Amino acid sequence: MKLLVFILNNEEYLEEVLEAYVEAGVTGATILDSEGMGRFLAYEVPLFADFKDFMKGNRPYNKTILSVIRKEEIIETLKTLLDDKVGDLSGPGTGIMFTLPVDWVSGLVPEDEEV
Amino acid sequence: MGGLCTRLLPECVLLDPLQQDKERVIRQLVDRLASSHSITDPDTLFEQVMEREKLGSTCLGFGCAVPHARTDSAGTTVIAAARLNPPVSMDAPDGEPVSLVFLMAGPEKSAALHLRLLSKLARLLHSDSLRAQLCEASTAEDFHQIICSRDD
């Protein structure tokens, strides 16, 4: 069992990304509004106010999608679907995706009752 | 990471210059940088630092300020420092006068390094003990050495 974390920089893709989650078999996720470190520093910390130009091209806000994945093969399927929708994540400003092992969980709805 | 110690030369440290205000302090620090490093156009650097000040305060609180600019006048990122006694008003958000000023200038292309050094200076200056040591330094060399001792 894994915790899948996807920081999606281009929020316009959120709907398509979630469609890919469902298609791949992810039965639930939590979506958080988040923001990049560069935006916060340049706009909220006066010492760094002159670095607004340095973060040009970066997206100030993003979405962080958290989901607990029971079957690890879902992750590969999802990655393939996402590559097709949002592009290769190695491109700057697209997003970051990673997994962490989950060794205990409580509160997950059984799969056949989700969606 | 290091980097502060080698970019702040003892000859670029001013201890307790008399009759100061914000502009005079910055002007003197720019002139020190110009005399010790290859700053091609100190007048422009001074204007750029003052222009940057209009964007928002570079005061960190605790009586510290880090005015800075990225400029093509600088071939590499360099630092000058002043200790002010009595402290000088620099329009700090906390309203406190400033007793420690670090002026940083670096080339436009070195934005990432500039950010790292600014962040490191900000972290170091949050230390009560470091500020106390700097305020008690008896010579520019001592002041420089104190910075070097924390520049890991």
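Is Phe62(B) buried, exposed or partly exposed? Point 6 takes this up.

1. Basis. This is a predicted model, in which local features need pLDDT of at least 70, side-chain atom pairs count only at pLDDT 80 or more, and totals for chains, interfaces and linings use all residues. Residues are numbered from 1 along each chain as its sequence is written, while chains are lettered from A and ligands numbered from 1 in the order in which they are written.

2. Chain B overall. Chain B has 6 helices and 6 strands. Helices (H or I, at least four residues) and strands (E, at least two) are DSSP runs, numbered from the N terminus. Their order along the sequence is α-β-α-α-β-β-β-β-β-α-α-α. The radius of gyration of chain B is 14 Å, close to the 15 Å that the globule rule gives for 152 residues, so chain B is as compact as a globular protein of that length. The radius is taken over C-alpha atoms, and the rule is 2.2 Å times the number of residues to the power 0.38. Along the principal axes, the C-alpha atoms of chain B fill a box of roughly 35 × 30 × 25 Å.

3. Burial and contacts in chain B. Of the 152 residues in chain B, 40% are buried. A residue is buried if 20 or more other C-beta atoms lie within 10 Å of its own, exposed if 12 or fewer, and partly exposed in between; C-beta atoms are placed from the backbone. Take the contacts in chain B between residues at least 6 apart in sequence: 70% join residues at least 24 apart. Two residues are in contact if their C-beta atoms, placed from the backbone, lie within 7 Å.

4. Helix pair in chain B. The axes of α2(B) (residues 22-36) and α3(B) (residues 42-55) come within 10 Å and cross at roughly 140 degrees. α2(B) is therefore oblique to α3(B). Axes are lines fitted to C-alpha atoms, for helices over the stretch in contact, and angles run from 0 to 180 degrees between N-to-C directions. Angles under 35 degrees count as roughly parallel, over 145 as roughly antiparallel, 65 to 115 as roughly perpendicular and the rest as oblique. On the α2(B) side, the contact includes Ile26(B), Val30(B) and Ala34(B); on the α3(B) side, it includes Leu45(B), Phe46(B) and Val49(B).

5. Helix pair in chain A. α1(A) (residues 14-24) and α3(A) pack at about 150 degrees, with axes 9 Å apart. The two helices are therefore roughly antiparallel. Glu76(A) lies in α3(A), residues 73-86. With 10 C-beta neighbours inside 10 Å, Glu76(A) counts as exposed. Glu76(A) and Ala24(A) are 52 residues apart in sequence, and their C-alpha atoms are 8.8 Å apart.

6. Backbone points to check in chain B. The peptide bond from Asn85(B) to Pro86(B) is cis, with omega near 10 degrees. Pro86(B) sits in strand β5, residues 78-88. Asp16(B) is in the loop between β1 (8-15) and α2 of chain B. With 11 C-beta neighbours inside 10 Å, Asp16(B) counts as exposed. Phe62(B) is in the loop between β2 (59-61) and β3 (64-65) of chain B. Phe62(B) is partly exposed, with 17 other C-beta atoms within 10 Å.

7. Interface. The contact between the chains takes 6 residues from chain A and 11 residues from chain B.
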